[in-house]
Amino acid sequence: MAERGRLAKCVAACLVACAVFLAGRSNAAEDSLFTSKRITPQGEYTPGIEGPAVDASGNLYVVNFQQSGTIGKLAAGASQSQLFASLPAGSIGNGIRFDRQGRMFIADFKKHNVWVIERGETTPRVYFHSDRFNQPNDLAIAADGTLYASDPRFASPAGGQIWRITRGADGKGRGEVMSTTRRLGVTNGIDLSPDGTTLYVSESNSKQVWAYRLDGSKLLDPRLVKGFSDFEVDGLRTDLDGRIYLARLSAGKIAIIAANGSLEREVPLSGKQPTNLTFGGPDGRTVFVTQKEGRFIEAFRVDRPGREPCLQVPRMC
């Protein structure tokens with residue numbers, strides 16, 4: 001009996017030790033959240049590094065790899081990018097998005113196109129073109145494949161517009177400029193709320209993020225979410241809880257903003273000129289950031305998955 005007692009005490013002590021060890025590991029893992037590190041070599045991309053997007057397999061794609069007009073691919077878990085595709089001569093990509101079927105869409109701000117690359121292919125074809133584009137910049141995608149494109153005009157008088165692009169029966173895009181009661185600023189970053197009813201748009205000139213209720217091709221009930229007194233704002237993404245992750249160009253930070261406009265935190269970065277960001281990783285909880293300064297990609301872990309990974313791989317969330 002005494003031997004059994006000693007054995008029981010030993011087992012109990014081991015269980016306690018294991019619990020403490022695992023708790024320590026868990027705490028250490030949580031402590032590493034929101035800590036950004038460079039994950040690719042400096043100089044891999046041009047100063048036009050932009051448009052990060054992750055496919056359903058976890059591969060990251062970024063525009064302007066080594067030279068303008070290209071798309072680089074960072075395979076899941078890799079530390080160096082490779083050339084994925086090249087756009088036709090004269091075209092330069094910016095925003096990238098994937099739909100649920102694995103199609104890649106690329107905003108081409110030089111030639112007024114939105115390109116599409118079918119899943120398993122590397123050759124782009126024109127999905128939508130309009131001479132009414134100023135310079136299509138960034139894209140957001142809804143669950144049904146509808147694209148929303150920011151279309152800034154940086155030249156005086158500065159301003160911008162938002163496009164709604166739907167897929168026709170022939171596989172081509174059908175686009176229209178969305179109407180709004182508010183005069184838009186220089187439209188830039190763009191994404192949807194998790195339920196798809198609200199569109200968030202950052203404006204470069206005003207340093208503000210605005211929210212609009214969607215009703216077909218109408219942007220209704222404009223609401224100022226958050227404004228900053230300094231540093232230009234750029235790309236943005238939303239997470240599964242509706243928080244907005246916003247690149248603050250020249251501030252060297254990603255701002256995390258609640259849907260009600262309160263600033264929850266700012267994540268310091270390795271580089272000082274973040275242009276855009278996206279969510280990825282095996283659980284959708286890794287944020288990848290494109291850095292103009294140094295022309296590399298950095299990343300940090302977060303506590304909740306992004307909207308887009310959950311859209312592409314629902315079982316993840």
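Strands β2 and β3 run antiparallel and are joined by 4 bridges. (Strands here are DSSP runs of E, at least two residues, numbered from the N terminus; two strands pair if DSSP finds at least two bridges between them.) This is a predicted model, where local features need pLDDT of at least 70, side-chain atom pairs count only at pLDDT 80 or more, and totals for chains, interfaces and linings use all residues. Residues are numbered from 1 along each chain as its sequence is written, and side-chain values use heavy atoms, with hydrogens and water left out.

Back to the hairpin: 5 residues sit between β2 and β3, and Gly58 takes a positive phi near 95° there. Strand β2 is mostly covered, with 8 of its 10 residues buried. Buried means under 20% relative accessible area, using a 1.4 Å probe and protein chains only.

Now take Phe65, which lies in β3. Is Phe65 buried or exposed? Phe65 counts as buried because its relative accessibility is 6%. Its bridge partner is Tyr45. Leaving aside neighbours within four places in sequence, Phe65 also touches others, including Glu44, Ile71 and Leu83; contact means heavy atoms within 4.5 Å. Ser81 is 16 residues away in sequence, yet the C-alpha to C-alpha distance to Phe65 is 8.0 Å.

Elsewhere, there's an open sheet of 5 strands with mixed pairing, in the order β14-β18-β17-β16-β15. Its edge strands, β14 and β15, each pair on one side only. Within it, β16 and β17 run antiparallel, joined by 6 bridges, and Thr198 stands opposite Arg213 in β17.

| Strand | Residues |
|---|---|
| β2 | residues 45–54 |
| β3 | residues 60–65 |
| β16 | residues 198–203 |
| β17 | residues 208–215 |

Conventions: Buried < 20%, exposed > 50% of the residue type's maximum accessible area, 1.4 Å probe, protein only.
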